[in-house]
Every structure is written in structure tokens, then in C-alpha cells.
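Thanks for coming, everyone. Let me put the sequence and the model up on the screen, and then we'll walk through it.

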Amino acid sequence: MTAYAYSYRGGEEEKSPPAYSYQYNSCPDDERIEFKLRCPTIKSFRWCLKLYSLVLGGLGTFLSFIWVCFHLYVLSQTEIHDLRMLRYLDIGLGLLMFSSTVSLIYAGYAESKTWLVVYTSGSLSVLILYWSWAGYNKYVNTENPEYNEEIEEVCVILTVIYCILLIPLIVYYRAIDSGNHERCNNCQTCQPSHQPQTYRSKPYQDD
């Protein structure tokens, strides 16, 4: 019987690839090949998630800026009161999304969980407000049913895209959290040191 094995494991601080193991057993009656694979941890592709958050934040900031500038131009050309109110809503939500994407850029740069929560809260608020506007046009303002159906379709598409784009950010949040726990466990200041205390008594001297 012959056997061959290969394994690689990097240090804890390095971003090591997964450990692979290969075994080949040759027997007269039974011949088999076994492959053992270990999936990489979240820490090993943490830099990919960081790059994803920076790219997504930069792209979202650019698109939000274009959105606000476009609706400011449309507002200057609009005279109907109802349409002007709609433009104000679009501009306000665009500014909220702009600030949220800026916080995402900082969250990716500083690897901050707090700013990831800020981005998620802001972008989710924008999505909820657009759904509220679609519900208002569908059940309250029923003058233009075709326009209301278009708004609902756009909201559905945006919700699906938002949920897909949010999944890597949730994984990145989990990676930051696990990295902070490991850093805290390895830090000497976080672990209480129990050192025995010694007391020395002064020698007694006779007068």
C-alpha cells in the first residue's frame, strides 16, 4: 500500500489558503482515492469584502450625486405643484442615499461595524420610503393606475437588487466582528493577569 499526502497551513496572521490533503491507497482488493478539502474561513477573503464595500460605496456615491443633480434640474423646469413635491421627495431621498454611501466608504476604509450599520439604516430607510410612496399612489391616489404600476415594478426591482448587494456587506460585518474578538483575546490588556502578591516584613530590631 502506498500513500501520498500534502498539506499546507499558514500562520494565524497570514491569509493562508485552505488546507488540502490528498491520499492514494493502492491495495490488491480495494483501490480508492480520497480528497479532503477544508473551506476557507471568512478571514481569508476579508480583503475582498473590503474592496467590495469601497467599490459599492464609490459607485453609490456617484450615482446618488447624479440623481440629485438631475432632479434639481427637473425641479427648475417643473411648475405643477404635485410634481414639484415629488421632485422634493426624490432630492431628499437622494441626499439621504448619498450620505449613506459615503458612510459605506468610510466603513470599508476603517473596517467599522458602526458605519456599516449607518449605511444599512440609511439605505433601508430610502427603500421603505419609496415603498410607502408606491403604496400611497396605489391605494390613495388612484388617478394614474399605469403610473402606479410602473412605480411598483421599479420598487420590486430595486428591492431585489438591494438585497443581493447587501449579502456581502453582512458577511463583511461578521468578518469584522470575528476579527475584533480574536484581537481582544490576543490582547494582554484584555486578559486579567493574576500574579501572586508577595509581602515582605521588615526585620525586627532591638533598641
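Some ground rules. This is a predicted model, where local features need pLDDT of at least 70, side-chain atom pairs count only at pLDDT 80 or more, and totals for chains, interfaces and linings use all residues. Residues are numbered from 1 along each chain as its sequence is written, and side-chain values use heavy atoms, with hydrogens and water left out.

Salt bridges. I mean a side-chain nitrogen of Lys or Arg within 4 Å of a carboxyl oxygen of Asp or Glu. The count is four. Take glutamate 111 with arginine 46, at 2.8 Å, N to O. Glutamate 111 sits in the loop between α2 and α3, arginine 46 in helix α1, 65 residues apart. Helices here are DSSP runs (H or I, at least four residues), numbered from the N terminus.

Which of these two is buried? Buried means under 20% relative accessible area, exposed over 50%, partly exposed in between (1.4 Å probe, protein chains only). Arginine 46 is buried at 12%. Glutamate 111 is partly exposed at 27%.

Glutamate 111 also pairs with lysine 50, with the closest N and O atoms 3.9 Å apart. Lysine 50 lies in helix α1, so this pair ties together parts 61 residues apart in sequence.

Next, lysine 113 and aspartate 177, at 2.9 Å, N to O. Lysine 113 is in helix α3 and aspartate 177 in helix α4, 64 residues apart. Shared partners join Arg46, Lys50 and Glu111 into one network.

Aromatics. There are two aromatic pairs. In one, the ring centres of tyrosine 106 and tryptophan 115 are 5.5 Å apart with planes at 80°, so the pair is edge-to-face. The rule: Phe, Tyr and Trp rings (six-membered ring for Trp) pair with centres within 6.5 Å; planes under 30 degrees apart are stacked, over 60 edge-to-face, the rest tilted.

Now arginine 87, in helix α2. Arginine 87 is buried at 13%. What does arginine 87 touch? His71, Val74, Leu75 and Thr78, leaving aside residues up to four places away in sequence. Contact means heavy atoms within 4.5 Å.

Technical notes:
Helix = DSSP H or I, 4+ residues; strand = E, 2+ residues; numbered from the N terminus.
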